[in-house]
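Let's take a friendly look at one residue and a sheet. Keep the 3D view open as you read.

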Amino acid sequence: MRVPLRWLQEYVRIDLPPEELAERLTLAGLEVTAIERFGVPGAPLEWDRERIVVGQILRVERHPNADRLLLATVDYGRGEPKVVVTGAPNLFPFLERPPERPLKVAFALEGATLYDGHQPGWVKMTLQGRAIRGIYSDAMVCSEKELGISEDHEGIILLDPEAPVGMPLADYMGDVVLEIDLTPNLAHAFSIIGVAREVAALTGKRLRYPPTAVRAFGPTARRLLRVRIEDPEGCPRYSAMVIRDVRIGPSPYWMQWRLRLCGMRPINNIVDITNYVMLEWGQPLHAFDYDRLVERAGGRPPTIIVRRARPGERIRTLDGVERDLDPEDLLICDEAGPIAIAGVMGGAETEVGEATRAVLLESANFDFISIRRTAARHKLPSEASARFGRGIHPALTLPAARRAAAFMQRLADGVVARGVVDAYARKARRVTLPLSAQDVERVLGFAIPPREIERILRALEFRVEPARPPARSRSAPAAWRVTVPDHRLDCQRPEDLIEEVARIWGYDRMPETRLRDPLPPQRGNPAWAFEERVRDILVACGLQEVITYALIHPDEEARLAPPGVANPYTALDYVRLINPISEERTVLRHTLLPGLLRTLRANLRFRERVAIFEVGKVFLPRPGEALPEEPRRIGIALTGPRDPASWLPVDRGRMDFFDLKGVVEALLERLHIPGVAFERAEHPSLHPGRGAEVKAGGRSLGILGELHPLVRRAWELPDQPVLIAELDLEALQALAPIAHVFEAVPRVPPVVEDLAFIVPESVPAAALAAVLREAGAPLVREVHLFDVYQGPPIPPGHRSLAFTVFYQAEDRTLTDREVATLRERLIRAAAERLGAVVRQKEEGM
């Protein structure tokens, strides 16, 4: 909700700076999320008080040298009037006829900073005098664009006739708007008056209500209109007034400006008045074309009927959409059919337009649940349905209707029919609650002076009366009978009153109290902490976490193996649901892979690269036990280009087994799990020859590899490598050390050299690297594979593996002789244990 402070100050005096007022409101539960300024200090464009003022156009003449330009003589209250050149189209009508009222404008003098109305966006400029088609002009009549109000540059602003000539525009219409985020229980503050009531209670100022008196003439409203409520539960009260002889036109600029500040678009004076009063009082209103209702009634006084929709009924709403109505929809009808969806949107057939001469003004009260359901059903959120959907008391219908009728009389020259047709089918009950200072202290934990409790409640318009004390309890604490005001539907218990006292007293003023009892012992959650650690590592590797359904269909796991191949997942029994929510969710999963592949397929419709992981439970039945085992797993799925698209040089090759292996290695390394080994493995879900099993500490940690082509097709995935892994989180946590030892940074540099070996094709690179590390320990610190080669001159059935070896001692720099001795030891160990032959330089090293 947007609250302009200039409007708010009409009802309560505000002495606080906007920031302090925002803080006070926020601490009272009305969270101010933003402060926006227009024209005042701190605004994106501050209106210069000396150079941007209110002016009055005295006459309008044609430019002697341009058909599309005018000369406007403007009195700005300081010396001689100025003649300025303008092309404003809304001034051309005044060439042929003089204005009926003074033309007040926003007038800028030379040196003023404005927005350039002829450039897109918001480009500031400094106004300078120059000759335009032979006429010198050093001032400007401004449009909304030039003042930063809106994008409108089609015409200049025409202010209200009452605007004082020469007044700084910042004083006349500069404003500060508070953006307040109201929770659903603060319906009483969903209006300018509601916020003013809160401010008055917080600051101790007096609340001033706007006048609602209206002068009525002619026949009574009861002769012009009838109202029948057929659904009192949906519509407790319906009040209506008739205003005749209205003149449709634009509303005054002050009203348009306030509506814009509140985020609403001005339409015409009648519609603007209903919106203005809704924002002011919090009671939505609607205006019907009364003559159109009479026409629909065959020339007789119309009868307004409030009822539920009937089967097959339709209505074309104000947005031009033909809508099918639901039997639960509450409607405003006449005898010919629906004319509005109650509390949500009016019908197009009875819309107020330029030809309207009489208005039926509706001010009704509706059941908040019904309005919320109807607005959601038809996808029609609106300011009216937002207010009705939070709950409004029926007592607000009359003051809002009279306030709007008075505006229509003043701003549209309307004649208000005498009286109000007021159908009050279900009267609201008056709520009276007991309260005592002792109750307040018991609930809040500290005492508030009784006099202050009374002041707060009375400031919020609760009626507070002393409760009669018991005969023998002369020294009993202060106690009251509190009558809840009409606008406070949320106060139904004494605790609600205590909450009101506490928030106005100030949550920041509540004393801090230490617990009398010692704090309970702090116990960690190692399983949860380890999961979070795993998530952080995988996210740092560039993966995104997903959460998939634990409930699946058995056919999904059946597709994880090619046809005719033994499937380790479907071989297990399932935990089945007796009453599944759908046929797709009938059993608990044995593996995370179906959810990952489903997510992969869905995302590949919109993007070419997907890298995801999931940490979750699988459910494995235990023979003879009612509940299954629920081990935790880590699932990973990758596919697409190695690097995302970028304007920088990137690797656009497809991810393969080694990209996945790198992610798994990074995870295990950062978990400091020792003795990790990758071994070739065959698995039904993996491509033959492109899968591996990862082991550590003598136990399996999981599988990884490229998805089998037949499985990929069964899951309707694109023809490209899809990499998957599933790791045992329980095993990882068991092997991960609680603490690990850091080594000091070496003080001496290493000796680095490359060694290449020719080995049988069956020898894994990891096995040769392990032999080199073991043979050279402790002076061989690191061994990295950097090249794999097959082909001439390497013999058939063999390959070349090239490693970078780091020799390093902690206390000295190794000599050439020491390195040579180590090198010979490594070559000898590789030959003896794996049959490796060092590759000589003349062979291409």
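## A residue in a helix

Is Arg503 buried or exposed? Arg503 is buried, with a relative accessible area of 3% (buried means under 20%, exposed over 50%, partly exposed in between, using a 1.4 Å probe and protein chains only). Please keep in mind that this is a predicted model, where local features need pLDDT of at least 70, side-chain atom pairs count only at pLDDT 80 or more, and totals for chains, interfaces and linings use all residues. Residues are numbered from 1 along each chain as its sequence is written, and side-chain values use heavy atoms, leaving out hydrogens and water.

You will find Arg503 in helix α14, residues 494–505 (helices are DSSP runs of H or I with at least four residues, strands are E runs of at least two, numbered from the N terminus). Leaving aside residues up to four places away in sequence, Arg503 touches several residues, including Leu27, His188 and Glu198 (contact means heavy atoms within 4.5 Å). The Arg503 side chain also reaches the backbone oxygen of Ala28 at 2.9 Å.

## The sheet beside the helix

Now look for an open sheet of 3 strands, in the order β27-β29-β28 with antiparallel pairing (two strands pair if DSSP finds at least two bridges between them). At its edges are β27 (432–436) and β28 (463–466), each pairing on one side only. Between β28 and β29 (residues 479–483) there are 4 bridges, and Arg463 stands opposite Thr483 in β29.

Helix α14 lies across β27 and β29, at about 60 degrees to β27 (axes are lines fitted to C-alpha atoms, for helices over the stretch in contact, and angles run from 0 to 180 degrees between N-to-C directions).

Key:
A polar contact is a pair of N or O atoms within 3.5 Å; within protein, one must be able to donate a hydrogen and the other to accept it, and residues adjacent in sequence count only if both atoms are side-chain atoms.
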